[in-house]
Amino acid sequence: MIVSDNGGSGETAERISSEWPAVRLIRSSDRLSFAAACNRGASAGDGEVVVLLNNDVYCRPDWLERLVAPLEAEPQTGSVACLLVRPGERVIDSVGLCVDRTLAGFPRLTGLPVERAGDARPRLAGPAGAAGAYRRTAWNQVGGLDEAIFAYAEDLDLALRLRGAGWRASAVPEAVGMHLGSATHGHRTAWQRRHAGFARGYLLHRYGVLRSRQAMLALTIEAAAVLGDAVLSRDLAALSGRVAGWRSASGLAGRGAPADALDPEIGISDLLALRMSAYARR
């Protein structure tokens, strides 16, 4: 086990040293992006499977065994999503990620009762970064997480690149973890909303969404999201983040979104409901 301590206060290092001496600790004095911190941890290991686990997820004892099983059984599976539940363990936080036509990603099956965790729809794109497994061969092939994204949607981008490279994604509802959510970045802070906006703007540009047939729909949804955030939060964090993300992707090579990772059955009403659910959860 490797702990990537990303600009922590020192308490993590002290506790690991005294209570879990077998755990390898990688410390960063500066606060890196989520992607950079995860990449550093992954590159420090050499196991055949890379498992990401956030600091606000509590797992059942058999979680890891169940999570990695598809990678051992299915050679073309590159990533595996688990069932993350909310505190109380009756409601789904996510079973991986789903992606709509505008390339917006959402926690899959969020808000549904745990009995629905095995549902086939919406289509699975890949695991959520809070807890998921990746075949190291697949991880290395696509270069891990994109470190240009500081926080949010880096797991979505990785899922799309893995699917584009021909790797399959699998979900294991029997692998269960409880996700607190917003434990690191806070709930609906300006910082959180700006970085979520940055990731959205970055991916819109990098994947050429506004040059596709979905451009008008994407612009309409983004305008509504930015306006709603401005009214509720009384600032322009969501807008400024999107502009910064768009500019950051300028000049970078474009990426194509694999059609089989998108779910065309997510309609406009579903899309709006997913946006509102994700907005309230952050």
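## Close-up views of a predicted model

By class, 5 nonpolar, 3 polar and 3 charged residues line the second largest pocket. Here Ala, Val, Leu, Ile, Met, Phe, Trp, Tyr, Cys and Pro count as nonpolar, Asp, Glu, Lys and Arg as charged, and the others, Gly among them, as polar. This is a predicted model, where local features need pLDDT of at least 70, side-chain atom pairs count only at pLDDT 80 or more, and totals for chains, interfaces and linings use all residues. Residues are numbered from 1 along each chain as its sequence is written, and side-chain values use heavy atoms, with hydrogens and water left out.

**View 1. The second largest pocket holds about 300 Å³ of space.** Its lining includes Met1, Val3, Asp5, Glu11, Arg15 and Trp20. β1 (2-6) and α1 (11-19) each supply at least two lining residues. α1 gives the most, with 4 residues. Helices (H or I, at least four residues) and strands (E, at least two) are DSSP runs, numbered from the N terminus. On a 1 Å grid over the protein atoms alone, a pocket is an open set of points where a 1.4 Å probe fits, with protein on both sides within 12 Å along at least five of seven lines. Lining residues have an atom within 4 Å of a point. Grid points are joined across faces, edges and corners, and the volume is the space filled by probe spheres set on the points.

**View 2. Phe150 and Trp191 form one of 3 aromatic pairs in the structure.** Their ring centres are 5.7 Å apart and their planes stand at 80 degrees, so the pair is edge-to-face. Rings of Phe, Tyr and Trp (its six-membered ring) pair if their centres lie within 6.5 Å; planes under 30 degrees apart count as stacked, over 60 as edge-to-face and the rest as tilted. Phe150 sits in the loop between α4 (136-142) and α5 (154-164), and Trp191 in helix α6 (residues 190-206), so the pair ties together parts 41 residues apart in sequence. Phe150 is partly exposed at 23% relative accessibility. Trp191 is partly exposed too, at 30%. Buried means under 20% relative accessible area, exposed over 50%, and partly exposed in between (1.4 Å probe, protein chains only). Arg31 lies over the face of Trp191, at 5.1 Å from the ring centre. A charge sits over a ring if NZ of Lys or CZ of Arg is within 6 Å of the ring centre and within 35 degrees of the ring normal.

**View 3. Phe198 and Tyr202 are a stacked pair.** The ring centres are 6.2 Å apart, with the planes at 15 degrees. Both residues lie in helix α6, 4 residues apart, about one turn of the helix. Phe198 is buried, at 13% relative accessible area. Tyr202 is buried at 1%.

**View 4. Strand β5 (residues 77-85) is largely enclosed by the rest of the structure.** Of its 9 residues, 9 are buried. β5 pairs with strand β10 (residues 168-179) in the parallel sense, over 8 bridges. Two strands pair if DSSP finds at least two bridges between them. Leu84 has Gly177 as its bridge partner in β10. Strand β9 (residues 131-135) runs antiparallel to β5, joined by 3 bridges. There, Ala81 is partnered by Gly132. Strand β6 (residues 92-94) is also antiparallel to β5, with 2 bridges. The β5 and β6 hairpin has 6 residues between the strands, and Gly88 takes a positive phi near 105 degrees.
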